[in-house]
Structure formats: structure tokens, C-alpha cells
There are 2 protein chains.
Amino acid sequence: MDNRPIGVFDSGVGGLTVVKQIVKLLPEESLVYFGDTARVPYGSKSKETIVKFSKQIIRFLKTKNVKAVVIACNTVSSNCYEDLSEEFPDLPITEVVTPGVESCIAATRNKIVGLIGTYGTVSSGAYERRLKAADPEIKVYKKACPLFVPLAEEGWANNEVARLTAGIYLKELMDKNVDSIILGCTHYPILKKCIGNIVGENVTIVDPAKATAMKLKKYLEENNMLNAGDKEAQRLFYVSDRSHFEQICSRVLHEDHTVEKIDIEKY
Amino acid sequence: MDNRPIGVFDSGVGGLTVVKQIVKLLPEESLVYFGDTARVPYGSKSKETIVKFSKQIIRFLKTKNVKAVVIACNTVSSNCYEDLSEEFPDLPITEVVTPGVESCIAATRNKIVGLIGTYGTVSSGAYERRLKAADPEIKVYKKACPLFVPLAEEGWANNEVARLTAGIYLKELMDKNVDSIILGCTHYPILKKCIGNIVGENVTIVDPAKATAMKLKKYLEENNMLNAGDKEAQRLFYVSDRSHFEQICSRVLHEDHTVEKIDIEKY
């Protein structure tokens, strides 16, 4: 039993969809979230910079006495997992790409899958390489959907603009006959319903956030690290720049939280 | 007479709309453009960082022997103009906010004006302060339009998604009876036609890019610094990360250009 909190971090607000899934599966766990809203987006930055930023964040999370860390950012997950595991050998670290890939492999029947994400994630080839490593027969069609992030952040999750946009973006993938689509950006689960209406029920929408929360739960159970339940779950939120985090937080989690701005460069 | 090129820079691709206006007004001038596509966006960064980045960029432009520099970025214009003028006292530097403000003051009749831009520009209050300094009676209504940048970058300048989005964003301002709207983000001129269709012909759309090009032309004329015309105009484009710059460049300028990636942190 381990009553310490779980640390979750992202380049910005998108990781809140991972928090949502963790809260759903592990409601008794305390959480500390950090969103690097001052330095977002990570997608266009060099690996060296992203590793440096991520190490600062994990050092900050360690000051909050976390028992485990979840990387809720596709860019960090794809590029820096090994570096971070090496730097912090005593801290269990979970990332979002591997669970997403495993979920997709389990879901596809015709082995034709779609990947949607930012330009950075889609062009990095991280999901594609791991999907093909898991099953060389898999065909991956990719589509960058740059309007999805601002749509999610505006709270336009299922209005007419979102529906039209999703229709345009997803047509290419549907024409390729994909039977599953990976949400390769942590913002996209906010648009899941809208995306589902476009692709129909014969296409499985793979949400790496959900798969990540399941993997984390399994790890904590197997290692006897779940919260004993004698201490009430606390959820704390930190950012590097305030912007409109609280608004998005209450929209995604349906809970109101205060958020504290910290100087992440100190860590 | 001065045949050296004019330097133009922006945090990314948006400044190409300023290039477009300069090319229109001063077709004989050579240009060197730098877009800081690896470190975009600037809006969420500290002033200290933005000054540092801008100085690197101007030092790079000086290696290209520029005779003048145009800051085609609202964030840099609002926050760093004085610092940059001090650092480079011998280089004429033009920014985009002042010409935009002057144009708007000249255009408004009812003194109720709208400002649209990114969250960063809108919340910084830079346009508002200068408008009120020029005319204390002016009322400014502001609206952040975060979907406009990805719409412009996708080339969705006047499709159904753009029209619906503009309709939602601009309704608030129209309800306030604004008679002019400042395009407070260098991307927005790409959507000018779409915005114009929503607000109608009784509302003046103030494009700071156009006003900036006019101010630059006046300065070069008054200081006898125009290109003598004996050397063909050359337009060179540099970025800190390639991404999809060339595609947007040909869409905005209706000219194909190759773009060179440089290491801006060296300067």
C-alpha cells in the first residue's frame, strides 16, 4: 500500500484527458498534475530541449513525493521515455504511446489502421514504427488534424464547426477502409463523440489515455502500490503559465480546481 | 538610393502577410524573411525570452546586410520594440502595432472598435493602451479567435468551416456595434475575405500589415533609401524549422520559394 500521489505531466492542458481516465479507474488515488503551458508546444522542439524540460518537470513532481509518473504527452512519450527512465531509475514511469499501440493491435481486424495527431506526432513516425514492430502486416494511414486542438480548447467539442472539420479530416482515412483510429494527441478524446459520429460504430476509436490508465492500474496492483484508502484523494494542479487552464480543467474533468503557477526552470 | 535588402521577421509563417503587402507596394525591393518556426508561438513566452530571440534574429538578418528591419510579429512589436531599437541604434526598425493603431484611429467614425487576435495579443492590452492613448474616448472590444491561425495555415480561408467559425467569433463584436476591426494577428489577413463577408461593408477591416508596408515605404522614400532599380529584387526565406513553410508561402504570396533552415541560436 502506498498513499503517495501519482504525478502526471504534459506540455499543456491535453494531459487532463489522461487525468480523467485515471480518476475514473483509480478514484482513490491522489494526483499531482503539471502542464508546461508556458513552453507548449513540444512537437516542434529538439529532443535535447524536450528531455531537459521533462527532467525539470519530473524533479518538480518528485518534490511532491510522487510514487509514480505518467507521461501524458505524445511527444515526450515518443522521444524521451528511455532517457527519463535512465535518469530516474527508482521511479516507475508510464507513457502513452505503448498502451495506445497495444490497444490498437488488439482492436484491428483488417490490419488497416488510422492515426490522427498533430503534424509533429504524425510526421515523427513513432506510432507507425511501434505498430509495425508489433505486427509487420499492419498498414497505417496518417492524418494531421491541426484544428482539433483549438476546437477542444474552445470547448467546441461537438458543434457544427467540429462536425464539419472532423468530416473533412477523417474522409481520407475512411476512404482507406481503416477499422480503427488512434487518437494520437491527448486533446483528441475531448472530440471523441464527434469523431465517433463521423466514422460510425464499425470503426474502433483507440484512446491511448484509457489504455494508459489501465496499464497504470495494473502496475500499481501488481506492485502493491495502490492507495490504502485511509487518506482522502487529493488532486493538485500546477502550470508554468496560467492562461485559461482552469476553464479547460473544469470542462474536461467536470470538477473545479485551483491551479498554481510555478517557475519550472528552477528545477 | 540603397540596394540592400529589407529584413522581415516573425515568430512563424504569419509575417508572410506583411511580406505580401511590402511586395505589393515596393516590388523592386529585395527581402530577407526569417520565421522562427521552431520556437513559435512567442505569445506565451516571457519578455526576456522574446527579446533574446529577437536579438538573435536581427543579428542574423544583419549578416544578410539588411538596410532596415520590419518586425512582423504582434508579440515582439508590443513588447520589445524599444529594447531592439536600443540594441541596434543604426538600423531603422518598423513594427506592426503602431501603424495598425494609426489606421484604426483614422478609420473609426463611432469610436467603437474591435480587436481580434491570439489570446496572448488580446490579453496583453498593447493595442488597447495605444488606441486609448491616441484617443481616450475610444471603446475597444476584444475577442480572441484561436481557430483562425490553424484555419489560415490549413488554407481553409473561406470554406464552410471558416465561415461558421468567423460567424461565431465576430457576433459578439458586431453586437457591440463596432465600426472597425483590427486584425491583431499576422495570420488573419489570410481570412480577410471571409471576415469581410461576415461583418459586411459598413465595418472597416484594419490590416496592420498594409499600414506597416505604407509606413516603411514612406520612411525609405524620405530617407532616400529605395532600391535604385539597377539590381533585380531577390526574396530569400529562412526558418528555424522546416515544417510546412513552403506550402503556406506559396499559398500566401502566390510565388514558389525555397526556404533554408538555419540554426538561429548561433546568432
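Modeller: Start at A:P41, which is found in the loop between β2 (31-35) and α2 (47-63) of chain A. Those labels follow DSSP runs: helices are H or I with at least four residues, strands are E with at least two, and both are numbered from the N terminus. This is a predicted model, where local features need pLDDT of at least 70, side-chain atom pairs count only at pLDDT 80 or more, and totals for chains, interfaces and linings use all residues. Residues are numbered from 1 along each chain as its sequence is written, while chains are lettered from A and ligands numbered from 1 in the order in which they are written.

Now look at the bond itself. A cis peptide bond joins A:V40 and A:P41, with omega at about 0°. In chain B, a cis peptide bond joins B:V40 and B:P41, with omega again about 0°. B:P41 sits in the loop between β2 (31-35) and α2 (47-63) of chain B. Most peptide bonds are trans, and most residues other than glycine have a negative phi.

B:N65 has 12 other C-beta atoms within 10 Å, so it is exposed. The cut-offs count other C-beta atoms, placed from the backbone, within 10 Å: 20 or more is buried, 12 or fewer is exposed, and in between is partly exposed. A:N224 is not a glycine either, and has a positive phi of about 55°. A:N224 is in the loop between α10 (208-222) and β9 (235-239) of chain A. It has 8 C-beta neighbours inside 10 Å and therefore counts as exposed.

Step back to the whole chain. Chain A has 11 helices and 10 strands. Of its 267 residues, 50% count as buried. A compact globule of 267 residues would have a radius of gyration near 18 Å, and chain A agrees, because its value is 18 Å. That radius is taken over C-alpha atoms, and the globule rule is 2.2 Å times the number of residues to the power 0.38. Along the principal axes, the C-alpha atoms of chain A fill a box of roughly 50 × 40 × 35 Å.

Next, find the sheet. Four strands form an open sheet in chain A, in the order β6-β5-β7-β8, with parallel pairing. Two strands pair if DSSP finds at least two bridges between them. The edges are β6 (139-144) and β8 (204-206) of chain A, each pairing on one side only. In the sheet, β5 (residues 112-117) and β7 (residues 180-183) of chain A are joined by 4 bridges. There, A:I116 stands opposite A:L183 in β7(A).
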